[in-house]
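Work through these exercises with the structure open beside you. Try each task before you read its solution.

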Amino acid sequence: MKYLNELPARTKAAFMRFPVTIIWSIVGSVYLAWMIGLDARIFNEFTSLIFTLILGVSWLIGTQFLIESLRIYKYSWLLKFGVIGLLIIYYITFNEEDFDGNPILLTRWFLLFLAGHIFVFFAPFLKQWNKIDYWNYLQQIVISITRAALFTFVIFGGLALAILAVDNLFNIHINDNVYGQLYVICLGIINTFIYLADFPEKIHNTQKLRYSKALDVFLKFILIPILIIYLIIVYAYAFKILFLWELPQGWVSYLISILAIIGLIIQIIIEPLRETHHNILIRKFHPYFYITLFPLLILFFVAIYTRIADYNFTENRYFLVVLAFWILGLSLYMIFSKKKKLNIIPISLFILIMLASYGPWSAFNISINAQAKELKEMVNKIKSNPQEIITLEEASQFRSISRYLKERNHLNKLDASLGFKTSYVQNSYSAGEQLLDSLYGSERASRISSQTASGKKYYYYNQLNHKHQINLDVKDYQTMVEVALNQNESHRYQISHRPNSLLVKDHEKKLFDVDIDSLLIKSLKKYPDFKNASQEELTYTFKNKEGTFSLILKNFRFNKVDETTLSFIHLGGYLLVNKNVE
């Protein structure tokens, strides 16, 4: 009750302390709510704006704490506008078109989002350090996040149910967009206000440690037992691979990472009272946890090295390598350092995240160059002996890397090695098949594509391998678009497959569905392996109350589940649309 009584005064104080952050949140939330009201597909059409608005909140909060920590109030507005300038640059350089299926933009945004929140964890303690003050500050952050999330959920849930009740009880038609608008307002404005209102003005010189009994119970009876269970599991696995003398699985890297992070969380919780605590597990946690962690870190490095040696770097393997060295460095610091400044944990992680996000040493550049190098070696091998067909495992790796590079819009790195431009490859799912076709020719490539290591027979068709060109007569249609299975939701027209049905939709509205399985099985009987299949054979026209539609298949790959059902790896083509006027 005391907290609720103080909330208005706390809210006013929060606005005076974080004016730029709160104005940023209010303006951004109101604008997005307005766009939702206009039926805009904000997550497909305004991705860059949403990402920028979300990033701005944590980075502006951290900037205010940095100003207070360094006491540079004279330059505070200059620093805040500098951060806003960087956010504007991020917004301008964010390519909406590249976001379609390209994981780099999403991963980089998540790294910056994570870095912004980590920035808040250490910004007030860059200049002045006190163990108790820092511990109290971290506890206050956790309380603020939890309280803001709870209040936001209750307010949104209560108002949403009230709107739903009015809609149903009084037969008042309320647009469904209202719920989206309400969610944005609650999350962007109410959540931000409550979160910032919880931060006390006095961060330093708190003097008294605010360590609760509930936290002690959570530590002794939940966190430490979980850590012990993880240690037993990973050590049992380590003894197993030593006994069998085999290399560790890559998955063990994730388990050791979780184990180490739980250990670091426990270290943060217990550090202010570790030496005087009555529980022996807490008193002896340091250094024995780190001593038991070192053998597992060897296993960690071996597992990562094995994967990289076999398949070279990807972003995930890059992050695991960085994480492994970060854990090793922190373990050595915790054992040998006398000061044990806990803020070294978020500071070091923040630096590593920023380095991994941009520059020639970033996760993306390192991974793309490594995978391009792998594929170039395979291309050179194929070109040096074109009569010898690559193995099933090599073909699978070729397809996987081709798709990886196409998704990231860097397939052109192979142009010089291939001797031709790869710009004709339009879809990442079929990128490997199209390149193999170009290297081997359609007939030899089909022999590779038709078999897999599992023994299943795959059927493959690509219009580019056939002499005829697709001729599209569009004079009777309003629209022509390319469609494919598993394409990004930003596309207006979508196709999806389930057994014996290919569903075609305009946004969420069904246009038609067709038993594509039966049609292709029928064509397969006429044209074994679809050799010499004509465009007319793979063109399907439909008429219904929605309009007239034509679907022209240009590439697909599938295996037969049974005599009437297909399982598609990929399917793509052209959709011609002539909708009836409503």
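**Exercise 1.** Find what F398 is in contact with, leaving aside its neighbours within four places in sequence.

*Solution.* Take contact as heavy atoms within 4.5 Å. F398 then meets L375, M378, V379 and I382. It also meets G432, L435, L436 and L439. This is a predicted model: local features need pLDDT of at least 70, side-chain atom pairs need 80 or more, and totals for chains, interfaces and linings use all residues. Residues are numbered from 1 along each chain as its sequence is written, and side-chain values use heavy atoms, without hydrogens or water.

**Exercise 2.** Classify the ring pairs F51 with F94 and W59 with F350.

*Solution.* Rings of Phe, Tyr and Trp (its six-membered ring) pair if their centres lie within 6.5 Å; planes under 30 degrees apart are stacked, over 60 edge-to-face, the rest tilted. The whole structure has 34 aromatic pairs.

- F51 and F94 lie 5.7 Å apart, centre to centre, with 85 degrees between the planes: edge-to-face.
- F51 is in helix α4 (residues 47-70) and F94 in the loop between α5 (76-93) and α6 (96-99), so the pair ties together parts 43 residues apart in sequence.
- Both F51 and F94 are buried.
- W59 and F350 have ring centres 5.8 Å apart and planes at 55 degrees, so this pair is tilted.
- W59 sits in helix α4 and F350 in helix α15 (residues 344-357), 291 residues apart.
- W59 counts as buried because its relative accessibility is 17%.
- F350 counts as buried because its relative accessibility is 16%.

**Exercise 3.** Check the span of α15.

*Solution.* The expected span is 1.5 Å times one less than the number of residues. α15 has 14 residues, and 20 Å is expected. From first C-alpha to last, α15 reaches 20 Å, close to that value. Just after α15, G359 takes a positive phi of about 100 degrees.

Key: Helices (H or I, at least four residues) and strands (E, at least two) are DSSP runs, numbered from the N terminus. Buried means under 20% relative accessible area, exposed over 50%, partly exposed in between (1.4 Å probe, protein chains only).
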